[in-house]
Amino acid sequence: MTGASHALQPTPRGSLFSSVTASVAASLLIVIAMIVWLRLAGRSWVCPCGVVKLWQGAPAPGRNSQQFADWYSALHVIFGLALYTFVTWMRPGWPTGQRAVTAVASSAVWEAMENTPLLIHMFAAPAGGAAYAGDSILNSLGDTVFVVLGFALAARLPLWATLTLALALDAAVEIAVGDGFVLGTLRLLGAPV
């Protein structure tokens, strides 16, 4: 009897995403699709100013969100921390590769949405924040790298350390450029900040 009932149970199958190669390939395809979308949306490869840098530290109109990294990169690390925590909570049985592909896909979707005219207009001139005119493709790629970095950190850190890091990064962005998740959310809700 136990043999018959055992035969009726589904056999566990390995996930495509338990393979590192498959996860990396899926992530690369997602990033390529993001790049194609951003080019079709008219985004430039690099800063229209003609300067290419790894880091843009000072907020400067026309140069914000144009280089590989800037203060907002820290917010993308936070996004990666949150994605790992949320997806792991929602789908604890998923292999890490599948969670990572979900993080890359979430970042790509955000980059596509963030660079639509509606969201560019919403973020264009936050009171006290840096001016925003959309991302270069270089910056969108950097943002996705930082999401993956946050994901990888959260996969290795205990929850208390993940939360502490997220709060510290948001505070650093708020101090450095007068923006961040907390201040940005308050602005979107119409609160005077």
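Modeller: Let's start with one term: two residues are in contact when heavy atoms of theirs lie within 4.5 Å. In this predicted model, take the contacts between residues at least 6 apart in sequence: 67% of them join residues at least 24 apart. Residues are numbered from 1 along each chain as its sequence is written, and side-chain values use heavy atoms, with hydrogens and water left out. As the model is predicted, local features need pLDDT of at least 70 and side-chain atom pairs count only at pLDDT 80 or more, while totals for chains, interfaces and linings use all residues.

Colleague: How many helices and strands does the protein have?

Modeller: Helices (H or I, at least four residues) and strands (E, at least two) are DSSP runs, numbered from the N terminus. Here there are eight helices and two strands. Along the sequence they follow the pattern α-α-β-β-α-α-α-α-α-α.

Colleague: And what share of the residues counts as buried?

Modeller: Buried means under 20% relative accessible area, exposed over 50%, and partly exposed in between, with a 1.4 Å probe and protein chains only. By that rule, 37% of the 193 residues are buried. Gly142, for example, sits in helix 6 and is buried, with a relative accessible area of 0%. Its C-alpha atom is 9.0 Å from that of Leu54, although Gly142 and Leu54 are 88 residues apart along the chain.

Colleague: At what angle do helix 2 and helix 4 pack?

Modeller: Axes are lines fitted to C-alpha atoms, for helices over the stretch in contact, and angles run from 0 to 180 degrees between N-to-C directions. Helix 2 (residues 20–40) and helix 4 have axes 9 Å apart, at an angle of about 5°. That makes helix 2 roughly parallel to helix 4. The cut-offs are under 35 degrees for roughly parallel, over 145 for roughly antiparallel, 65 to 115 for roughly perpendicular, and oblique for the rest.

Colleague: Which residues of helix 2 meet helix 4?

Modeller: Ser23, Ala26, Ser27, Ile30, Val31, Met34, Trp37 and Leu38 do, and among their partners in helix 4 are Val101, Val104, Ala105 and Ala108.

Colleague: How many aromatic pairs does a search of the whole structure find?

Modeller: Rings of Phe, Tyr and Trp (its six-membered ring) pair if their centres lie within 6.5 Å; planes under 30 degrees apart count as stacked, over 60 as edge-to-face and the rest as tilted. The search finds four pairs. One of them joins Trp55 and Trp71 edge-to-face, with 5.5 Å between centres and 70° between planes. This pair links distant parts of the chain, 16 residues apart: Trp55 is in strand 1 (residues 55–56), and Trp71 is in the loop between strand 2 (69–70) and helix 3 (73–90). Trp55 is partly exposed at 41%, and Trp71 is partly exposed at 30%.

Colleague: What about Phe68 and Phe146, how do they pair?

Modeller: They are tilted, 6.0 Å centre to centre with 50° between the planes. Phe68 is in the loop between strand 1 and strand 2 and Phe146 in helix 6 (residues 137–156), 78 residues apart. Phe68 is partly exposed at 22%, whereas Phe146 is buried at 18%.

Colleague: Where does Ser65 lie?

Modeller: Ser65 is in the loop between strand 1 and strand 2. Its phi is positive, about 60°, although Ser65 is not a glycine. At 6% relative accessibility, Ser65 is buried. Gly57 is found in the loop between strand 1 and strand 2 and is partly exposed at 24%.
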